[in-house]
Amino acid sequence: MKYFVTIGGREIPVEVKGDRVTVAGREYQAHLAPVPGTPLRQLLLGDRSLTVAMQSGGRGAWRLESRGLRLDLEVVDERTRHIRDLAGPGAGRTGGGQVRSPMPGLVVRLLVEPGETVEAGAGLVVLEAMKMENELRAHGPGRVTAVLVAPGQAVEKGQPLVELAPLST
Amino acid sequence: MPFRVLVANRGEIALRIIRACHEEGLEAIAVYSDADRLSPQVRAADHAVPIGPSPPSESYLRIDRLLEAARRTGASAVHPGYGFLAERAAFAQAVEDAGLVFVGPPARAIRAMGDKTEARRRMQAAGVPIVPGLTVPVTDPDAARRAAAELGFPVLVKAAAGGGGRGMRVVQAPEELAGALETAASEAGKAFGDPAVYLEKYIERPRHVEIQILADRERTVHLGERECSIQRRHQKLVEEAPSVALTPELRQRMGQAAVAAARAVDYRSAGTCEFLLAPDGSFYFLEMNTRIQVEHPVTELVYGVDLVREQLRIAQGLPMRVPATPLAPRGWALECRITSEDPAHGFLPSTGRIEYLRVPAGPGVRWDGGFEVGDEVGLHYDSLLGKVVVWGATREEAVRRMRRALEELVISGVATNQAFHLRLLADDAFLRGEFASQFLDRRPDLLAAQLSDDQMTALAVAAALAEDEARAIRKPVVGDEIAATRWRLAGLWDGLRG
């Protein structure tokens, strides 16, 4: 079975045939064994040994943790990928212009108002979590179309905070 | 009546203090908020008392509840740890007034040092060099602008009651000043209950070097320096002892300045004088931290002194067990703070349940942690999960040992800054010891999460194999699977019959 693994914005094709995998143009003997009583799995890739914590999110979503790095990966097979390609780019994505809270926290201050034009990197919202104030910034230039939260409000991870529209050129 | 110590803290420092109590043959009393019912401090202590809901303002910061817990359990002394109420003179005073021993300096020493502007005046009088700046707090932006213009930009806005980087802002230009005052005052108000901030000249490219002090009724000694230059947003991440920047002669001079600072306020117990060390070897007293510090273990490893146990002895009126002859550091110690901050997402706090923990072990490695498997890492408390501390005969050996230890450490369930530490420990400038306090500001490459192609390939294969296996389990095909299915069907029929 051929899989396409998306990791850190890159897509890596991995072909799995029994205990052999082909990746990046090379074939290896590979074995993944669960470590009993832990969320860990031990990977032997050729003679390389690596322990990774793995958690399934269902539907091909996997969260991997290795040396303190937490990575969300997606694994799809060829058929699913093909169907997705036909559906067109961006299909299934929601609110491309929304700035979402990367963590649960408390809104301390709003730095923008609807209608305001912001540059890339401009501060939008100050969020407090773990006693630290964190400034959330715009990824690109845009115009603020909506501010969806108010100071003092508690927000969840992933909650939309601000909506930005791309600047018309 | 046994000497009982109430530990008014949580996390790794609470456990550290409880361990020291037990090694000194003393009983330890833990306190806990609702969120900490099963925390390691409760499990390790001899007694445990609930002190309220999870937010610190309703539990760990409640002097009345802590004193009530002390009264109920017949405590003889209270150890504040660091953070929370550790540097609140009112707390030390309340403990003293209740007839208990505060494991730390007297309330008046905390008061004298805690008010940074007052401390500066006293240090100046005692002949300890200080950074040029205002000696009174500032609130009015216009007055601040005038003062800043006189000092010359950049200036540092700093909480008068602060420490640990909260309520601190570097201001490069006049137009940034008003905003920085507001943010710093707001953070200071929240973190310390006092929004007062003051201004000082910002020394560029200094090292952050601090001197450990220990004082009993008879003597005040210094136990050399700790180098704390590797900081992110004024939060220390890596500390070491000794510092590559100090000669024995400079160590002696800075040590004497720190001892003079401590004597000027009639200090007792463990404390730390922070200095900025400029590239030309001149140094400036910043502030005295009137508590045990997060990074105290590196001093312990190179001086062979257990600072927390000495604090407990001094609190009992016993002399400290530090020889009268000046000590010299032996070998090299490093500490890496492991925090639940995600380097892949700009070091934002990460939350979750600890699913798995493997702590590093082996020669020369110490783990001071404050959580166990099953613990929730929430947003109420500090993000420090634990500290990896290593000792080596040389700095190079200590760095290699730290790398080995960090590769052994596995924390699953929350993202941590472990990968950042591994990148730092492989960096040439760090290995040469060529860094100053703003090192990480100039090296964003070290903060950004990076995966090598090799790592990416391996992780992709792991995910593909796991997905492949999960799919195979979902569709039963041959042999055992069919047998298992028959058993399930048989059970189903039984159920229908029953």
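Trainee: Which residues touch the most other members of the largest nonpolar core?

Mentor: In this predicted model, that core has 179 residues, and the ones touching the most other members are Val5(B), Val197(B), Phe275(B), Ala333(B), Val461(B), Ala462(B) and Ala463(B). Helix H17(B) gives the most to this core, with nine residues.

Trainee: What makes it a nonpolar core?

Mentor: A core here is a set of buried residues such as Ala, Val and Phe, joined through C-beta atoms within 7 Å. Take Val461(B): leaving aside residues up to four places away in sequence, Val461(B) touches Val14(A), Val21(A), Val23(A), Ala30(A), Leu43(A) and Leu45(A). And in soluble globular proteins, nonpolar side chains tend to be buried together.

Trainee: How many residues are in the other core, and which are among them?

Mentor: That one lies apart and has 17 residues, including Val108(A), Leu124(A), Ala129(A) and Leu164(A).

Trainee: How many residues does each chain bring to the contact between A and B?

Mentor: Chain B puts in 39 residues and chain A puts in 48. On chain B's side, H8 (177-192), E16 (348-349), E22 (410-412), H13 (418-424) and H17 (453-474) each supply at least two residues. H17(B) has the largest share, 14 residues. By type, chain B's side splits into 24 nonpolar, nine polar and six charged.

Trainee: Why are H4(B) and H5(B) called roughly antiparallel?

Mentor: Check the angle. The axes of H4 (residues 89-97) and H5 (residues 107-114) of chain B cross at roughly 175° and come within 8 Å. Anything over 145 degrees counts as roughly antiparallel, so H4(B) and H5(B) get that label.

Trainee: Which residues meet there?

Mentor: From H4(B) you have Ala89(B), Ala92(B), Gln93(B) and Glu96(B), and they meet Ala107(B), Ile110(B), Arg111(B) and Gly114(B) of H5(B). Sorted by type, that's four nonpolar, two polar and two charged.

Trainee: Over in chain A, how do you know that E14(A) and E16(A) pair?

Mentor: Count the bridges. Pairing takes at least two, and E14 (residues 142-147) and E16 (residues 160-165) of chain A have four, in the antiparallel sense. One example is Val147(A), whose bridge partner in E16(A) is Val162(A).

Trainee: What is the order of the strands in that open sheet, and which stand at the edges?

Mentor: The four strands run E9-E16-E14-E11 in chain A, with antiparallel pairing. E9 (98-100) and E11 (117-118) of chain A are the edge strands: each has a single partner strand, so one side of each is left without a neighbour in the sheet.

Technical notes. Residues are numbered from 1 along each chain as its sequence is written. Chains are lettered from A and ligands numbered from 1 in the order in which they are written. This is a predicted model: local features need pLDDT of at least 70, side-chain atom pairs count only at pLDDT 80 or more; totals for chains, interfaces and linings use all residues. Axes are lines fitted to C-alpha atoms, for helices over the stretch in contact, and angles run from 0 to 180 degrees between N-to-C directions. Angles under 35 degrees count as roughly parallel, over 145 as roughly antiparallel, 65 to 115 as roughly perpendicular and the rest as oblique. Two residues are in contact if their C-beta atoms, placed from the backbone, lie within 7 Å. Ala, Val, Leu, Ile, Met, Phe, Trp, Tyr, Cys and Pro count as nonpolar, Asp, Glu, Lys and Arg as charged, and the others, Gly among them, as polar. A residue is buried if 20 or more other C-beta atoms lie within 10 Å of its own, exposed if 12 or fewer, and partly exposed in between; C-beta atoms are placed from the backbone.
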